[in-house]
Amino acid sequence: MRLARITRRRALTVFALTTVALAGIPVAPPAHAADANYQLVQEPDAGYAPIVGLINGATHSIRITMYELTDPAAISALIDAHNRGVDTKVILDFAFHGRATNAAAFEQLSDAGVGVKWAPNGVIYHQKTIAVDDVTAAVGTGNLTPQYYSTSRDAWVLDTNPTDVAAIAATFDTDYSSAPSGRPPAATPAPNLIWSPMARASFLQHIDQAAHSIDVTSEELKDRAVLAALDKAARRGVQCRIVLTDNPAWSRGVAEVSDAGCSVHMFPDTESGLYIHEKVLLTDNTSLIIGSQNLSTTSLVENRELSLALDTAIAPELIAAVESTFDADYAAAPAR
């Protein structure tokens with residue numbers, strides 16, 4: 001979740017994608033990579049047309065859970081889908097700063113007759129998913145907030161694995177229909193899905209099982225259990241590389257893993273430079289977690305969040321593309 005940058009960057013003019021290189025942002029091809037059931041849409045390189053296009057192409061149903069929704073194109077696409085008879089339902093975050101951020105979208109969707117609900121107050125719904133026609137689910141690291149599109153390192157995975165899509169849709173239906181409470185209802189499990197709450201164990205397992213390398217990008221780095229696992233991995237000789245945007249809030253964690261042997265590279269926090277918002281844990285170049293979870297305690301054990309757990313047996317091209325982007329960002333960011 002953006003903290004200080006929320007207010008500082010709210011007035012930032014959205015740059016055209018053609019100006020990304022001029023803004024000093026490393027463009028790391030490929031922007032797309034496809035396997036049988038998983039397609040990577042790498043931001044800011046690819047732009048958000050594929051994501052809004054998914055909504056525009058819906059014929060039967062749309063289920064969206066979104067932490068932040070301010071994009072006029074996405075809002076219009078949702079209203080258009082509803083008007084052409086698509087069963088369109090939306091859950092928007094209410095907690096933290098969600099109500100203020102999402103109020104305009106909520107009002108527009110509600111006034112147009114779209115089925116939109118607030119997530120329960122007191123629980124952060126940081127999940128970013130778009131499930132369409134029970135066939136495709138876009139699982140993202142970023143939000144539908146155009147003021148960040150041109151400068152935010154993010155990614156979406158277009159997932160057509162039937163088991164994944166069914167579980168994402170079923171969890172949405174449970175969240176949409178459940179009475180508000182202080183904790184999200186139980187999610188529908190699937191082998192390739194990591195749901196929060198209760199996501200920490202999966203992240204720790206991936207780190208603990210790494211034999212050769214760990215590559216991490218995250219907006220936040222402050223969960224004590226994750227920091228301890230990274231520390232332990234680095235001290236047993238696993239190559240540990242981390243890319244972040246510089247922020248005093250996680251300086252203690254950065255110092256800890258650096259002392260253990262992790263190589264941390266950090267982009268400066270500027271208005272126009274690349275901002276690391278993507279959440280990736282890649283181990284041994286073969287096993288990937290990618291989705292909405294930051295490496296913070298709240299994100300892993302309290303929020304509603306979703307990441308995909310993929311490996312090279314089912315998504316080799318996607319994982320290769322993620323590694324390519326990571327390598328480019330690692331090379332571009334100054335070492336701590």
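How many bridges join strand E15 to strand E16, and in which sense do the two run? The legends below take up this pairing and several other close-ups of what is a predicted model.

**View 1. Strands E15 and E16 run antiparallel.** Strand E15 covers residues 287–291 and strand E16 residues 305–311, and five bridges join them.

**View 2. Seven strands build an open sheet with mixed pairing.** Reading across, the order is E9-E16-E15-E14-E10-E11-E12. At the edges sit strand E9 (193–196) and E12, each of which pairs on one side only. From one strand to the next, the twist averages 15°. As a reminder for this view, strands of a sheet pair through backbone hydrogen bonds, either parallel or antiparallel.

**View 3. Strand E11 pairs in the parallel sense with E10 and with E12.** Strand E11 spans residues 239–245 and is mostly covered, with six of its seven residues buried. Five bridges link E11 to strand E10, residues 213–217; at one of these places, serine 213 has glutamine 239 as its bridge partner in E11. Five bridges also link E11 to strand E12, residues 263–267, and here leucine 244 has methionine 266 as its bridge partner in E12.

**View 4. Helices H7 and H8 each take part in a right-handed β-α-β unit.** Follow the chain from E10 through helix H7 (residues 224–235) to E11, and you have traced one such unit. Carry on from E11 through helix H8 (residues 251–260) to E12 for another right-handed β-α-β unit. Helix H8 packs on the sheet, where it touches E11 and E12, and its direction makes about 145° with that of E12.

**View 5. Tryptophan 118 forms aromatic pairs with phenylalanine 94 and with phenylalanine 106.** The model has six aromatic pairs in total. The ring centres of phenylalanine 94 and tryptophan 118 are 5.1 Å apart and the planes stand at 75°, so this pair is edge-to-face. Because phenylalanine 94 lies in the loop between strand E4 (87–92) and helix H4 (98–111), and tryptophan 118 in strand E5 (residues 115–118), the pair ties together parts that are 24 residues apart in sequence. Phenylalanine 94 is buried at a relative accessible area of 17%, while tryptophan 118 is partly exposed at 26%. The pair of phenylalanine 106 and tryptophan 118 is stacked, at 4.5 Å centre to centre with 5° between the planes. Phenylalanine 106 lies in helix H4 and tryptophan 118 in strand E5, so this pair ties together parts that are twelve residues apart in sequence. With a relative accessibility of 18%, phenylalanine 106 counts as buried.

**View 6. Lysine 89 and lysine 117 lie over the face of tyrosine 176.** Lysine 89 is placed at 5.9 Å from the ring centre. For lysine 117, the distance to the ring centre is 4.5 Å.

**View 7. Tyr48, Tyr149 and Trp156 come together in one aromatic cluster.**

Technical notes
Residues are numbered from 1 along each chain as its sequence is written. This is a predicted model: local features need pLDDT of at least 70, side-chain atom pairs count only at pLDDT 80 or more; totals for chains, interfaces and linings use all residues. Side-chain values use heavy atoms; hydrogens and water are left out. Buried means under 20% relative accessible area, exposed over 50%, partly exposed in between (1.4 Å probe, protein chains only). Helices (H or I, at least four residues) and strands (E, at least two) are DSSP runs, numbered from the N terminus. Two strands pair if DSSP finds at least two bridges between them. A crossover is right-handed if, with the strands pointing away from the viewer, the path from the first strand over the helix to the second runs clockwise. Rings of Phe, Tyr and Trp (its six-membered ring) pair if their centres lie within 6.5 Å; planes under 30 degrees apart count as stacked, over 60 as edge-to-face and the rest as tilted. A charge sits over a ring if NZ of Lys or CZ of Arg is within 6 Å of the ring centre and within 35 degrees of the ring normal. Axes are lines fitted to C-alpha atoms, for helices over the stretch in contact, and angles run from 0 to 180 degrees between N-to-C directions. Contact means heavy atoms within 4.5 Å.
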